[in-house]
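Reader: Please take a close look at one part of this model for me, the places where charged side chains pair. Then show me how that part sits in the rest.

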Amino acid sequence: VGDKDLESDSPYIPERQPDSGKSVAIVGAGPAGLSAGYYLRQMGHAVTIFDRNEKAGGNLQSEIPDEKLPKDILAKEIDLIKKEGVEFQFNKEFGRDISLDKLKSKFDAIVLATGAIDTGLFGNTELVNSPKGLKVNRQTMATNMEGVFAGGSLVSQSQMAVRSVGHGKTIALSVDQYLTGTEIVGRSQRFNSLLGRIQQGEEKEFLKEAQDVPQTEATGGLEEGFSVNESVQEANRCFHCDCRKQDSCKLRDYSDEY
């Protein structure tokens with residue numbers, strides 16, 4: 001689906017809320033920083049992402065081989081973030097070209113998504129109170145400094161890219177709550193009912209919703225991805241063990257309320 005969207009003449013760009021008049025500085029254009037900027041811009045906030053490299057992407061750009069993540073696809077995805085209105089400033093080294101104190105004087109909120117760095121670069125701030133120089137609330141990604149949030153590999157060294165992207169969305173929600181003067185709670189945790197491992201004998205019932213065919217592999221490999229027919233064939237194997245009304249489920253609504 002993502003490939004087809006990027007190939008179209010007008011790839012999907014989410015609607016943006018009216019400009020809030022608030023500005024956010026994000027240090028680091030890796031998965032967490034890109035994700036935070038993507039969502040914060042949709043919320044109407046002005047976003048500037050600083051990075052020490054010449055291109056955005058972080059480890060997605062430098063550590064993942066092309067056969068797993070083609071760089072042209074990464075570039076197209078990042079270009080959509082630019083079209084959303086996120087500003088980028090490259091070749092800006094944190095601790096040399098930009099500092100936390102300077103950013104605090106120019107922006108309403110700051111997001112640190114630098115990856116693993118020497119926390120001495122934060123300078124003369126109360127961040128040095130903790131052993132690693134940074135105390136982060138893992139629920140909201142807020143730090144022990146007002147208006148400063150952190151995530152990605154800076155917080156969790158063994159972070160997978162997909163989890164860093166998740167950090168970015170949580171950060172965006174928390175920053176928006178901070179900027180709008182509401183309680184900073186991060187993501188609201190809705191009631192969830194989880195399906196356990198499918199037991200012997202249950203598979204037959206689930207197969208009533210799916211086509212009983214072998215798993216499909218992309219003939220062109222990961223670089224080319226699935227053809228349309230391969231995508232449809234693989235999708236038809238879905239058991240549909242998920243809830244069909246995730247956003248309008250009365251059980252979830254009543255469970256949240258009571």
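Author: Start with E234, which is partly exposed at a relative accessible area of 21%. Here buried means under 20% relative accessible area, exposed means over 50%, and partly exposed lies in between (1.4 Å probe, protein chains only). A word on the ground rules. This is a predicted model: local features need a pLDDT of at least 70, side-chain atom pairs count only at pLDDT 80 or more, and totals for chains, interfaces and linings use all residues. Residues are numbered from 1 along each chain as its sequence is written, and side-chain values use heavy atoms, with hydrogens and water left out.

Back to E234. Its partner is R237, and the two form a salt bridge with the closest N and O atoms 3.2 Å apart. A salt bridge is a side-chain nitrogen of Lys or Arg within 4 Å of a carboxyl oxygen of Asp or Glu. Side chains of opposite charge can pair when their charged atoms come close. R237 also counts as partly exposed, at 27% relative accessibility.

What else meets this pair? Q215 touches both E234 and R237, leaving out residues up to four places away in sequence. Contact means heavy atoms within 4.5 Å. Q215 lies in the loop between α7 and α8, where α8 covers residues 221-224. Helices (H or I, at least four residues) and strands (E, at least two) are DSSP runs, numbered from the N terminus. Q215 counts as exposed because its relative accessibility is 53%. Q215 and N229 are 14 residues apart in sequence, and their C-alpha atoms are 13 Å apart in space.

Next, helix α7 itself. It runs over residues 203-206 and holds E205. E205 counts as partly exposed, at 47% relative accessibility. The side chain of E205 makes a polar contact with the side chain of K208, at 3.1 Å. A polar contact is a pair of N or O atoms within 3.5 Å; within protein, one must be able to donate a hydrogen and the other to accept it, and residues adjacent in sequence count only if both atoms are side-chain atoms.

How many salt bridges does the structure hold in total? It holds 9. Take two more of them. K4 pairs with E7, with the closest N and O atoms 3.7 Å apart. K4 and E7 are separated by about one helical turn because they are 3 residues apart in helix α1 (residues 2-7). E7 is exposed, with a relative accessible area of 55%.

The other joins R190 and D253, at 2.9 Å from N to O. R190 lies in the loop between α6 and α7 and D253 in helix α10 (residues 250-257), so this pair ties together parts that are 63 residues apart in sequence. R190 is partly exposed at 28%. D253 is partly exposed at 32%. D256 joins in too: R190, D253 and D256 are linked in a network of salt bridges.

Now helix α6, which covers residues 161-179 and includes T170. T170 is buried because its relative accessible area is 10%. Leaving aside neighbours within four places in sequence, T170 is in contact with Q139, T140, M141 and R187.

Turn to the inside. The largest nonpolar core has 42 residues, and V24, I26, I49, F88, L112 and V175 have the most contacts inside it. Elements giving two or more residues to this core include β1 (23-27), β2 (46-50), α4 (71-83) and α6. A nonpolar core is a set of buried Ala, Val, Leu, Ile, Met, Phe, Trp, Tyr and Cys residues joined through side-chain atoms within 4.5 Å. I49 touches residues including I26, G33, L34, V86 and F88, not counting those up to four places away in sequence.

Last, the whole. The protein has 10 helices and 5 strands. Of its 258 residues, 36% count as buried. The average pLDDT is 88, and 92% of the residues score at least 70. Over residues 123-131 the pLDDT is below 50. This pLDDT is the predictor's confidence in each residue, from 0 to 100.
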